[in-house]
Structure formats: structure tokens, C-alpha cells
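Visitor: I would like a close look at one part of this protein. Please take me through it step by step.

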Amino acid sequence: MYKWLIAGVLVTIIVTVRCQDPEIVDEIWPEVKPVGRTARLNCTVVNKQNNVVLWIHVNTSQTISKDDTIDLDNEIVGGLRKYEVKIRPSENRITFMLIVRRLREQNAGYYKCLVRIQGREPKEWPSKVGILTVQVQPAIRPGETTTVLIVDQNDNSQLLCKATGIPHPNITWVRSDGGWLPTGAAQSRGEVLQLKNVTVKMGGVYRCVADNNIRPPAQHLAQVLVFDAPTVRVVQDSVGQAQNRRFHAKLECIVQGYPSPSVRWERVVNNGRAQINDDDKFDFNKQTTDNQNLMSGEQWYTLKVKNVQANDYTTYFCIATNSKGTNMATITLFETTECQGPNCPSLPSSDTVYIKSSLLVLVASSLLHITSLYFFHR
Ligand SMILES: *[C@@H]1O[C@H](CO)[C@@H](O)[C@H](O)[C@H]1NC(C)=O
Ligand SMILES: *[C@@H]1O[C@H](CO)[C@@H](O)[C@H](O)[C@H]1NC(C)=O
């Protein structure tokens, strides 16, 4: 009697178990992680019985694991295995969590979870697919990105900026000095920045920034050089100095233009003009950096007239030339009775005034102090 009962129960169990095929429940949630981090994909199975759960990387057709056994060459990264499957049973379901560490771009793609059922056709095996997105920080593609653009005025041209990254980065153009773009806006979206009807003002340094929210964004500088005849301006159009006392005079002009102009100095001599040479009498100098007063592309030239004499009081020319033309500015050197400029021998006058006034303050405050002491002690 008992035996029949037990046999009946067993048969019922076997039949029930047979009927309840393994099944993958729940979707495999998509995973999105940056390069270098760890991804986790969950496959939850009911009625697994003694069947085997496989994880397969669809893109490479590689079988990664069978249950919690890793089936491929499993390198160690940062002290842990690249791949691992953690089995988490709960009630009648088991989660097979695939862990992929130190993500690389090629780890991205589709991952299939599959229950291999003994004695059944593979097409009858339950399966589900999850997607892993590996985010990659932006990088500029140097070959397809403008570094230097040389254009003629009135031409139409463009700056290009291309970048890689996952997701595909957004490109933004700005001027690196914070100025306005030729479009009239502070920034412009897109790989291409159009420069229409190029003007000299469009010359300068531009910056493209590629950003896809994976830090850090990538950036690149592009320099725009616009062909332009020289322009010359003076720092002071007349400079004074006293004669015959070994005083020097400094004449200065600021030059701009592309290609970079060459500069020479001339002066009026006997109603004609004579070239000035860098010699015992004159010093030439050129400053391009370390000067906050200069705008980009400007160069600062100085002519030092040493030991000013009577015949040095005349008109000087700062002449700049490049392939687009020549331009000049005029500076007059005139006579004064006193030494002019910062390099004059220091005169006692101003210092004495300072010392005198300091002494006065000292005496006054002492007096005040004495008076207050007097009143206090009374
Ligand atoms: C995967 O399963 C584990 C435990 O069952 C859970 O903690 C984790 O949040 C799950 N992850 C995803 C991406 O579903
Ligand atoms: C690109 O910009 C748009 C609009 O601001 C934004 O919705 C999108 O998320 C950005 N794409 C990336 C990859 O950052």
C-alpha cells in the first residue's frame, strides 16, 4: 500500500518536473559602463534542473561560461579575473550574473544567455540577449581636424574638427580668447565651422571641444591666419629728449600683418630719407611675447637712438613690408631741456619731497602723542 503511494508521488514529481521546462524569466537589462569599469549582466532561470546555463558573446561567437565555469582564457586584471559568473539562488529561481571587469571597447555588444537542455535541439533551448555598451571618452582625430588654416581675405573657408568616442561626441567651436565667432555667436555646434567672406578679424586661435559626457572632454586648437598687408601704429607719435648729455631716446611702433612683416627704420636727413642701421648709434629691438598690451599677431618694434645729438631731432619712419604690401608710421624726435623717460639719472627733487613729508608726519604724530600723554596724566 505504502509502496504504491510512494511510487505514485515519485511519478507525479517526475512528470511535473518534466513538464516544467527551464525558462529564462525577466529581460536582461542593458548595461552601460565606461572603459575600465565593471559590467554586470543578469540572467535569471527557473526550473534549471541539471541543465547548463551558457553565456555567449554574440559579436565574437565566443562561449564565455558554462554555469559558473569560465570557458575561455581568463586573464587576471587588477587582482581579479576578467570574467566571472556568480550564481545567486533565490526560491525557485537562479540568477547567473556575468561580470566583465576592466571593460575594453571590444567587450561591447550582445551577450546571449542560453539554457542547454539535454537531448533537445539547440533551437529549442531557451535564450535571451542583453546589450553591453562600453562608453569611450572623446579623442580628436588629428588627420581630419584643422590645425592651421591660411586664407585670403574675402575667401570662403572652413575649420574641421572630428572626434571619436562612444557615444559619438558633440563638437563645439569657440574662440580661444572668448571672443565672438564669425557667426556672431559665442559658440557653434558641429564638426564644421564656416568662415565666409574672411576678414582680418577672423584671424586668431579657435578651439573645438568634443564632449560625450565621459570625462575628460577632448579639445584641439586651430589657428587661422589671414593674408593681410602690414598695419603700423606708433606708441607715441612724438618723443622728446635733451641733447649732448648721453641720453637715449626710444621710438616704438606696433606692426601687424600676415605673412609676418619685416620692419626697417628710416629718418629724414637733409630733406631726403636715409636708412637706419643697427650700429653704434642705433639699437633695433623686437618683442613678440611677454607683453600684455599686444594683441595676437602683433609685434612691437623699438628703435633706440643713443646719445641724442642736435642732428637727431628729425622725423623717423617705422616701415613694415610683407608680400601683401608696405605701410609705415611716423615718429618725431624733438628737443627738451630736461632728460625724459624712466632711465634718466635720478634727480633729488622727488625723493627729497617724499622724505620731507615723511619727517613732517613723524614730527606731527609725536607731538600728538606727547599732548595726549599730558592730558591723560592730569
Ligand atoms: C543582478 O542581480 C543582482 C542580484 O540578483 C542584483 O543585485 C543586481 O542589481 C542585478 N543587476 C542588474 C544589472 O540587473
Ligand atoms: C549632444 O547634445 C545634445 C543637445 O544638448 C544632448 O542632448 C546630447 O546628449 C549630447 N550628446 C552627447 C553624446 O553628449
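In which sense do strand S2 and strand S12 pair, and over how many bridges?

Guide: A caution to begin with: this is a predicted model. Strand S2 covers residues 31-34, and strand S12 covers residues 127-140. The two pair in the parallel sense, over 4 bridges.

Look at Leu114: the bridge partner of Leu114 in S12 is Ser127.

Strand S15, residues 163-166, is another partner of S12. These strands run antiparallel too, with 3 bridges between them. Val136 stands opposite Ile166 of S15.

Now follow the side chains. In a regular strand they alternate between the two faces of the sheet. The largest nonpolar core of the model holds 27 residues. Val45, Trp55, Ile64, Leu98, Tyr111 and Cys113 touch the most other members. S11 and S12 each give two or more residues to this core. So do strand S3 (39-46), strand S4 (52-57), strand S9 (83-90) and strand S10 (93-100). S4 supplies the largest share, 5 residues.

Next, the ligands. Around ligand 1 sit Trp29, Arg40, Asn42, Arg88 and Met97. By class, that shell has 2 nonpolar, 1 polar and 2 charged residues. Asn42 places a polar side-chain atom 2.3 Å from an oxygen atom of ligand 1. Taken alone, ligand 1 exposes 360 Å², and the protein buries 51% of that.

Ligand 2 has its own surroundings: Pro167, His168, Asn170, Arg189, Asp211, Asn212 and Asn213. This shell divides into 1 nonpolar, 4 polar and 2 charged residues. For Asn170, a polar side-chain atom lies 2.3 Å from an oxygen atom of ligand 2. For Arg189, the corresponding distance to an oxygen atom of ligand 2 is 3.3 Å. For Asn213, an N or O atom in the side chain is 3.5 Å from an oxygen atom of ligand 2. Ligand 2 taken alone exposes 360 Å², of which the protein buries 47%.

Methods: Residues are numbered from 1 along each chain as its sequence is written. Chains are lettered from A and ligands numbered from 1 in the order in which they are written. This is a predicted model: local features need pLDDT of at least 70, side-chain atom pairs count only at pLDDT 80 or more; totals for chains, interfaces and linings use all residues. Side-chain values use heavy atoms; hydrogens and water are left out. A residue is near a molecule or strand if one of its heavy atoms lies within 4 Å of it. A polar contact is a pair of N or O atoms within 3.5 Å; within protein, one must be able to donate a hydrogen and the other to accept it, and residues adjacent in sequence count only if both atoms are side-chain atoms. Accessible areas come from the Shrake-Rupley method with a 1.4 Å probe; for residues, only the protein chains shown count as cover. Ala, Val, Leu, Ile, Met, Phe, Trp, Tyr, Cys and Pro count as nonpolar, Asp, Glu, Lys and Arg as charged, and the others, Gly among them, as polar. Two strands pair if DSSP finds at least two bridges between them. A nonpolar core is a set of buried Ala, Val, Leu, Ile, Met, Phe, Trp, Tyr and Cys residues joined through side-chain atoms within 4.5 Å. Buried means under 20% relative accessible area, exposed over 50%, partly exposed in between (1.4 Å probe, protein chains only).
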